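Here are my comments on the model, as numbered points. Please read them with the structure open.

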Amino acid sequence: MKKLSIKLVDLLPQLKAQLVKLSGFTIVFGFIKLNAFTAALFLSNFVDDTADYGLFEYALSIGLIMSIPLNFGLQGAYPFFNLKSKREGFKSVFYFHSLTISGALGLCFLINQFVFTLMPDKLAFALLIGGIIAMQVMLSSILKSHEKIFPAVFLDGGLFLVLNLYNLWLYSSGTTLDFAVLELIFGIYLVFLFGLHAYRFLRTRNDFSWANYRESMRFGKNLLVSSFLIICLTGSARIFIEYFLDMEQVGIYAFYFRFAAAVVMIHQVVNIVFFKKMYQAPPAALDKYFSLFLIFILIVGSVLLFLVPLVFKGSLRLLDETWQEYHLLYAILSFQMVFWICMALNENILYREELSNKMNIWFLGLFLAMGGGIYLLHSQQQLNLFNLTLINSICLVLACEVQFMLLRKRQLSFAKTRSLNLIFGAILLLIFFYL
C-alpha cells in the first residue's frame with residue numbers, strides 16, 4: 001500500500017502537467033474558435049449596406065475554395081513524408097511552394113491594383129484571402145505534425161483574429177467598412193505570413209530538390225481532388241447565390257450560416273481529442289458513437305435556433321432586420337450542419353479504406369446535379385434563398401448516402417447513422433414544405 005501511494009505521489013506532477021496543458025489548449029482553442037465565429041458577425045454591424053457584408057462573405061467563400069488548389073494537397077503531404085515515411089529532404093519543398101504561390105498572388109494583386117486590371121476587384125480580394133488561408137493551413141499543418149499545437153491553433157484562426165482587430169478599430173473610431181483599408185490590412189498580414197515561410201525555408205533550404213518537390217506534388221494531387229469537391233459541395237452556396245440572386249442575399253445567407261455553423265466547433269473539438277480512438281474502433285462502436293453524436297448536434301442546433309434571437313436581439317442589426325423573414329433559413333441551415341458533420345465523420349474512414357477516388361466520382365456528379373437543379377429553378381423563375389439552400393442540404397444528405405454505400409461494399413455497416421441521416425433529411429423536407 002505504501003509503495004502504491006509513493007507511485008501515485010510520483011505521478012501527480014505528470015498528471016498536473018497534463019491537466020494544465022489540456023486546460024491551456026481548451027482556453028486557446030475556445031478563444032480562437034469564438035473569434036472565428038464572431039468576427040464576420042461583428043463585421044455585419046459596420047456596413048452601410050447588407051450587400052457590402054455579402055461581398056465580404058462572397059470573397060471569403062471564393063478564397064476558401066481557391067486555397068485548396070493553391071496548396072495542391074501539400075498540407076497533407078508534409079506529415080506523410082516527414083512522419084509516416086520519415087523521408088529526408090522533404091521539409092523545404094513545402095515552404096518553397098507557399099513562397100512561390102503567395103509571391104505570385106501578391107504580384108497579381110499589386111498589378112491589378114496599381115498597373116492595369118487583370119480581374120474584377122471582388123475576385124482580386126478573394127484571391128488575397130485565398131493566399132492567406134493557403135499559407136495559414138500549410139504552416140499550421142507543419143506545426144501540428146511536430147506537436148506545436150498552440151501556434152498551429154493561432155494560425156488556423158489568424159485571418160479572423162486580424163478581422164476582429166479591424167472590427168475593434170471600426171467600433172472605436174465609429175466608422176464603417178472600407179474595403180480598401182481591409183485589403184491593405186490583409187495585404188500586410190499576407191506579407192507577415194510570407195516572412196514566416198521565408199524564414200523557415202532559409203533554415204531548411206539545404207535539403208531542397210526539384211525531384212522531391214515533384215514527388216510531393218504527385219502525392220498532393222490525390223488529396224486535392226477530394227478536398228476540392230467536398231468544399232464545393234459544402235461551401236459553394238454563396239457563389240451560386242451571388243450568381244443567380246444578388247449580393248444582399250449572400251450577406252443574409254452567410255449571416256445565418258455562421259450561427260448554424262457554431263455546432264461545427266463541437267465536432268472539431270471532439271475530432272481533435274478522440275481522433276485516434278475514433279478511427280481505430282470497430283464499425284459497430286463507431287456507428288453507435290456517430291449516431292449519438294448526430295442526435296446531440298441536432299439538439300444543440302435546435303436549442304441555438306431558439307436562443308440566438310433572444311441573446312443577440314438588439315446587438316446585431318442584421319438579425320433585427322431579417323429574423324422575421326428568414327428564420328426558416330436558419331432552421332434549414334441547422335439541419336445542413338448535421339449532414340455536413342455526418343459527411344466529415346465518414347470522410348476519414350473512406351480515406352483509410354482507400355475509397356476516395358470512388359467517392360470523388362460520385363461527389364462530382366452530385367455537385368453538377370446541384371448546379372443543374374439550381375439553374376433549372378432559376379430558369380423557371382422559382383429560385384429563392386430558401387429552396388437554393390434546401391437543394392444544397394439535400395445534396396449533402398445524398399453525399400452521406402454515397403459514403404454509406406461505398407462503406408457497405410467493404411463490409412462496413414453504419415446502419416444507425418445512415419437511418420438518422422435519412423430521418424433528419426425527411427424531417428427537413430416536412431419542415432420546409434409544411435411549416
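1. In this predicted model, the lining of the second largest pocket is made up of 10 nonpolar residues, 3 polar ones and no charged ones. The space in this pocket comes to about 320 Å³.

2. The second largest pocket is lined by 13 residues, and those closest to its centre are Leu305, Phe306, His327, Ala331 and Ile431.

3. Which elements give two or more residues to the lining of the second largest pocket? They are helix H14, spanning 283–312, and helix H15, spanning 317–352. H15 supplies the largest share of the lining, with 6 residues.

4. A separate point concerns helix H5 (residues 121–145) and helix H8 (residues 179–204), whose axes come within 10 Å and cross at roughly 30 degrees. Angles under 35 degrees count as roughly parallel, so H5 is roughly parallel to H8. The crossing of these two helices, H5 and H8, is left-handed.

5. The contact of H5 with H8 involves 16 nonpolar, 4 polar and 3 charged residues. On the H5 side, the residues include Phe125, Leu128, Ile129, Ile132, Met135, Met138, Leu139 and Leu143. H8 meets them with residues that include Phe179, Leu182, Phe186, Tyr189, Leu190, Leu193, Phe194 and Leu196.

6. Other residues also take part in this contact: among them are Asp121, Gly131 and Gln136 from H5, and Glu183, Gly187, His197 and Arg200 from H8.

Conventions
Residues numbered from 1 in each chain as written. Predicted model: local features only at pLDDT ≥ 70, side-chain atom pairs only at ≥ 80, totals over all residues. Heavy atoms only, no water. 1 Å grid on protein atoms, 1.4 Å probe; cavity = no way out; pocket = protein on both sides within 12 Å on 5 of 7 lines; lining within 4 Å. Points joined across faces, edges and corners; volume = space filled by probe spheres on them. Helix = DSSP H or I, 4+ residues; strand = E, 2+ residues; numbered from the N terminus. Nonpolar A, V, L, I, M, F, W, Y, C, P; charged D, E, K, R; others polar. Axes fitted to C-alpha atoms, helices over the stretch in contact; angles between N-to-C directions. Parallel < 35°, antiparallel > 145°, perpendicular 65-115°, else oblique. Left-handed = near helix turned anticlockwise from the far one by under 90°. Contact = heavy atoms within 4.5 Å.
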